[in-house]
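User: Hi! Could you walk me through this model?
Analyst: Happy to, here it is.
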Amino acid sequence: MLADWFGRENVKSKVIEEGYGSTSEAKAAETAKLEEHFEKYGSVPKGNQRSFKLKGDYG
């Protein structure tokens, strides 16, 4: 956990969207945000590089 590594007082959380009824809905929303970021900046945020796979036609 980040709090274990950096200390609880140094880790902040922020809910940016609420109301997802399932994990699959939340994952779909996250994927959409990451694809939007990729389209805008041409890269995936460092914390998502291992797990995120682009689904669109970006090649």
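User: Thanks! What does the secondary structure of the chain come to?
Analyst: The chain has two helices and zero strands. Helices (H or I, at least four residues) and strands (E, at least two) are DSSP runs, numbered from the N terminus. This is a predicted model, where local features need pLDDT of at least 70 and side-chain atom pairs count only at pLDDT 80 or more, while totals for chains, interfaces and linings use all residues. Residues are numbered from 1 along each chain as its sequence is written, and side-chain values use heavy atoms, with hydrogens and water left out.
User: How many residues does α2 have, and how far does it reach?
Analyst: α2 has 19 residues and reaches 27 Å from first to last C-alpha, close to the expected 27 Å. The expected span is 1.5 Å times one less than the number of residues.
User: Which residues in α2 are buried?
Analyst: Ala 29, Thr 31, Leu 34, Glu 35 and Phe 38 are buried. Buried means under 20% relative accessible area, exposed over 50%, and partly exposed in between (1.4 Å probe, protein chains only).
User: And how about Ala 32, where is its place?
Analyst: Ala 32 is in helix α2 too. Ala 32 counts as partly exposed because its relative accessible area is 43%. Its C-alpha is 10.0 Å from that of Leu 54, 22 residues apart along the chain.
User: What happens just after α2?
Analyst: Gly 42 takes a positive phi of about 80 degrees there.
User: Is Lys 53 buried or exposed?
Analyst: Lys 53, in the segment after α2, counts as exposed because its relative accessibility is 56%.
User: New topic: where does Val 11 lie?
Analyst: Val 11 lies in the loop between α1 (2-6) and α2 (23-41). With a relative accessible area of 30%, Val 11 is partly exposed.
User: Great, and what share of the chain is buried?
Analyst: Buried residues make up 17% of the 59 residues.
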